[in-house]
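What follows is a walk through one protein chain, meant for a reader who has not looked at the structure before. Please keep the sequence and the 3D view at hand while reading.

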Amino acid sequence: MLFLLWLFVLGLISYYLLQNGISRITRTPVWLLWLVMMAPPLIWSGWVLVNGTSKTVPPELVIIPFLVCPFLYWFLVQLGRKKITDETAGQVADSANEPAKPKPPVRPINQEEEASLRDCFPWSIYFLRDLEFRPQAVICRGQLRTNPEAAYQAIRENVERLFGDRFLVVFQNSLSGQPFFAIVPNPSHQSGETPVKTESVTRPFFALALLLITMFTTTLVGARMAGVTEQALQSNPSLLLQGLPYSLALITILGLHESGHYLAAQFYKIRTTLPYFIPIPFFLGTFGAFIQIRSPIPNRRALFDVSIAGPLAGLVATVPLLIWGLDHSTIVPLSDKSGMLNFESFKPNFSLLMTLLSKLTLGGALNAETAIDLHPVAVAGYLGLIVTAFNLMPVGQLDGGHIVHATFGQRASMAIGQVARLCMLLLSFLEQGLLLWAIILFLTPLNDEPALNDVSELDNRRDFLGLLAIGLLLIILLPAPRVLLEWLNV
């Protein structure tokens, strides 16, 4: 039932994304695109429902839908693709804004301003060859003659001096690898709105209310983990306090993760909301937490720092809490039901890092014939590792997707994301519990929003940290080698 619930939630999210995104550029019915997108998880889910988890999904039933459906999806989008003309461009732009805003001009600048814009590109910095006018942008193509950081800084200052805050200056690489500038209208200037006050963006009372509700739902789940039944809780409500260790540990991990993002964003003066928790009265008590970024990312360096700050901050709390929880857990005999999702008979072999931490903490009591009855704090720490690993997946707008985008560039990050999705799908053959991950990643778009300066590369220190983040993902995700398991007797 839980698997079907996840599938239902994913279906709603994917339909919402299609309805508010792809429907603006194609006449192909949204329900048909949604059906093609959801075909692989629906096929895999049908197999599991009919045959149970004991039988492995046939390779052809996994690989063929995974390869065919993206091509069919692309074909259907192109088949019904709307022809964007000067007359319809404003309508497309209108439907993309919430709430609706005035239509942007067909030509963002007039002929008199065109000469002034050309003067913003000194030949010694960026030799401008031509301007390409689009409904919502002026594409400036030429040849870069200095380092990208200095070029972007100089041209942005020139544009701001001439046009004020009327435009945003975007610096990107083309498909052929040539850097170009895009001068796009600033939405806040277009609508005549003044900058939104920090209080209205952060919404502290709303964030606090979600935190308190999530604390209650996670405490309720934690009490169930501690063995408190509903009948006992109704007769003695004070037993709910037994769920606090799990609740406080999990909220600390999730809160530090999102606070890392928030503080890094504040350092770069990026407008963002406070962390919002997502409470649910069942399962784990929460679907996690998130922040919403409300202004453009200035450069790849800021994108990297904001993205990696969350997993690193969360890990600072996750590892100590996990070790403490494992130390207070109980060793139980190994059974047929032991595995990565059974907290009462947990076997850590599916993860190299979990295997090492479990053996380090429990010592000789943990062997090949035993499993672990996880303490609620250990469950929270284990979930913290899962959250860290999932966010570090190098796909789309996950933290890992941002990291590889900042490290290798946007084009390379999309290729890496596709390889990562395929590897996760193959890895789910070894561990059935990872199939849900593969489905979620398959539904996650590969593209990531570019930074304003998306050309300037990172320094060596950040490149090294990015590789460490990928290494951390691998030691969490990959199973412990058989040789190591035999040597540790786990």
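This is a predicted model: local features need pLDDT of at least 70, side-chain atom pairs count only at pLDDT 80 or more; totals for chains, interfaces and linings use all residues.

**Rings, a surface patch and annotated spans**

Arg141 lies over the face of Phe180, and the distance to the ring centre is 5.1 Å.

Phe267 counts as exposed because its relative accessibility, 64%, is over the 50% cut-off. Tyr268 has a relative accessible area of 18%, which is under 20%, so Tyr268 is buried.

Phe343 and Tyr382 form another edge-to-face pair, at 6.0 Å centre to centre and with 80 degrees between the planes. Phe343 lies in the loop between strand E7 (330–333) and helix H13 (352–362), while Tyr382 lies in helix H14 (residues 376–391), so this pair ties together parts that are 39 residues apart in sequence. Tyr382 counts as buried, because its relative accessibility is 2%.

Aromatic residues can also be grouped. Phe121, Tyr126, Tyr152, Phe171 and Phe181 form one aromatic cluster.

The next topic is the surface. A nonpolar patch there has about 1,100 Å² of accessible area together, and its members are Ile63, Ile64, Leu67, Val68, Phe71, Leu72, Trp74, Phe75, Leu79, Leu422 and Leu426. Helix H3 (59–79) and helix H16 (410–430) each supply at least two residues of this patch. The largest share, 9 residues, comes from H3. Leu426, one of the patch members, lies in helix H16. Is Leu426 buried or partly exposed? Leu426 counts as partly exposed, because its relative accessibility of 42% falls between the 20% and 50% cut-offs.

The last topic is a set of annotated spans. In an unreviewed entry, UniProt lists residues 29–50, 57–76, 205–227, 239–256, 276–293, 302–326, 419–444 and 464–485 under "transmembrane region". Two of these spans can be set beside the model. Residues 205–227 are 91% helix and 0% strand, and the end C-alpha atoms of this span lie 33 Å apart. Over residues 276–293, in contrast, the chain is 0% helix and 50% strand, with the end C-alpha atoms 12 Å apart.

Terms used. Residues are numbered from 1 along each chain as its sequence is written. Side-chain values use heavy atoms; hydrogens and water are left out. Buried means under 20% relative accessible area, exposed over 50%, partly exposed in between (1.4 Å probe, protein chains only). Rings of Phe, Tyr and Trp (its six-membered ring) pair if their centres lie within 6.5 Å; planes under 30 degrees apart count as stacked, over 60 as edge-to-face and the rest as tilted. Helices (H or I, at least four residues) and strands (E, at least two) are DSSP runs, numbered from the N terminus. A charge sits over a ring if NZ of Lys or CZ of Arg is within 6 Å of the ring centre and within 35 degrees of the ring normal. Patches are made of residues with over 30% relative accessible area and no salt bridge: like charges are joined within 9 Å, nonpolar side chains (Val, Leu, Ile, Met, Phe, Trp, Tyr) within 5 Å. Accessible areas come from the Shrake-Rupley method with a 1.4 Å probe; for residues, only the protein chains shown count as cover. A salt bridge is a side-chain nitrogen of Lys or Arg within 4 Å of a carboxyl oxygen of Asp or Glu. UniProt positions are given in the numbering used here, feature names are shortened, and annotations may be inferred rather than shown by experiment.
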